[in-house]
Amino acid sequence: MKTSLQPTSARVAARLRISEIFLSLQGESTSVGLPTVFVRLTGCPLRCNYCDTEYAFQGGEYLQLPELLAQVAAFQVRHVTVTGGEPLAQPACLSLLTQLCDAGYSVSLETSGALDVSGVDARVVKVLDLKTPGSGEVERNLYRNLEVLAPRDQVKFVICDRADYEWARAQIGERRLAGRCELLFSPAWGQQDATRLAEWILADRLPVRFQLQLHKILWGDAPGH
Ligand code: SF4
């Protein structure tokens with residue numbers, strides 16, 4: 001039989017460990033406010049000190065890609081965000097992204113910026129973190145990722161304090177990020193005063209999009225939103 005001839009690695013590659021699949025409003029990025037299906041993959045090699053999805057570090061359940069796509073389709077919305085954890089830590093994530101695009105969805109990927117994004121389907125909008133010193137994971141930034149970003153891709157800075165703000169501002173200048181892609185500044189939830197961050201951006205005329213995490217304003221830290 002054909003299936004018995006498939007190598008074990010091929011069968012394993014066609015499944016992903018999933019923490020949760022849910023419908024919510026996109027809370028961040030330039031798609032903020034749009035009804036979106038979130039596919040949260042289990043696992044992350046980083047440990048940011050402000051992480052709000054530690055429950056996704058472990059556990060979850062394995063789903064084959066066809067079953068996963070069927071669950072997404074059941075929500076009947078056109079926007080899908082693949083997130084984590086760090087979704088690219090599972091190699092089959094690349095197949096998932098391509099199959100979602102092939103199925104006609106508007107697809108975005110939320111990634112830590114620590115793993116190579118060059119293999120991500122070009123139709124996917126990449127929302128890539130640059131980890132600040134305040135995250136505790138600045139050493140994990142894979143800066144060559146910045147070279148493969150398209151204009152509609154987005155680089156997100158989560159700002160923990162004034163030192164983070166100044167670091168992020170310097171990165172934008174030194175790496176000539178302005179105009180290359182969307183730039184997002186978010187205050188770290190519970191750490192950085194949002195109004196103060198907004199005032200810093202205005203004072204510097206910084207060419208970035210200030211954002212608050214809409215889902216947290218609406219639903220707090222509850223999983224599934
Ligand atoms: S990269 Fe994201 S999921 Fe991983 S530890 Fe940092 S905030 Fe949490």
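This is a predicted model: local features need pLDDT of at least 70, side-chain atom pairs count only at pLDDT 80 or more; totals for chains, interfaces and linings use all residues.
Residues are numbered from 1 along each chain as its sequence is written, and side-chain values use heavy atoms, with hydrogens and water left out. Local features need pLDDT of at least 70 and side-chain atom pairs count only at pLDDT 80 or more, while totals for chains, interfaces and linings use all residues.

Let's start with the ligand. Around it you'll find Cys-44, Leu-46, Arg-47, Cys-48, Cys-51, Thr-53, Phe-57, Gly-85, Ser-112 and Lys-131 (each with a heavy atom within 4 Å of it). Sorted by class, that shell has 5 nonpolar, 3 polar and 2 charged residues (Cys counts as nonpolar, Gly as polar, and Lys and Arg as charged).

Now look at Asp-153, in the loop between strand 6 (125–129) and strand 7 (154–159) (strands are DSSP E runs of at least two residues, helices H or I runs of at least four, both numbered from the N terminus). Asp-153 counts as buried because its relative accessibility is 1% (buried is under 20%, exposed over 50%, partly exposed in between, with a 1.4 Å probe and protein chains only). A polar atom of its side chain lies 2.7 Å from the backbone nitrogen of Ala-150.

Finally, Arg-162 belongs to helix 5 (residues 162–174). With 31% relative accessibility, Arg-162 counts as partly exposed. Leaving aside neighbours within four places in sequence, Arg-162 is in contact with Arg-169, Gln-192 and Trp-200 (heavy atoms within 4.5 Å). As for Val-148, 14 residues away along the chain, its C-alpha atom is 29 Å from that of Arg-162.

Conventions:
A polar contact is a pair of N or O atoms within 3.5 Å; within protein, one must be able to donate a hydrogen and the other to accept it, and residues adjacent in sequence count only if both atoms are side-chain atoms.
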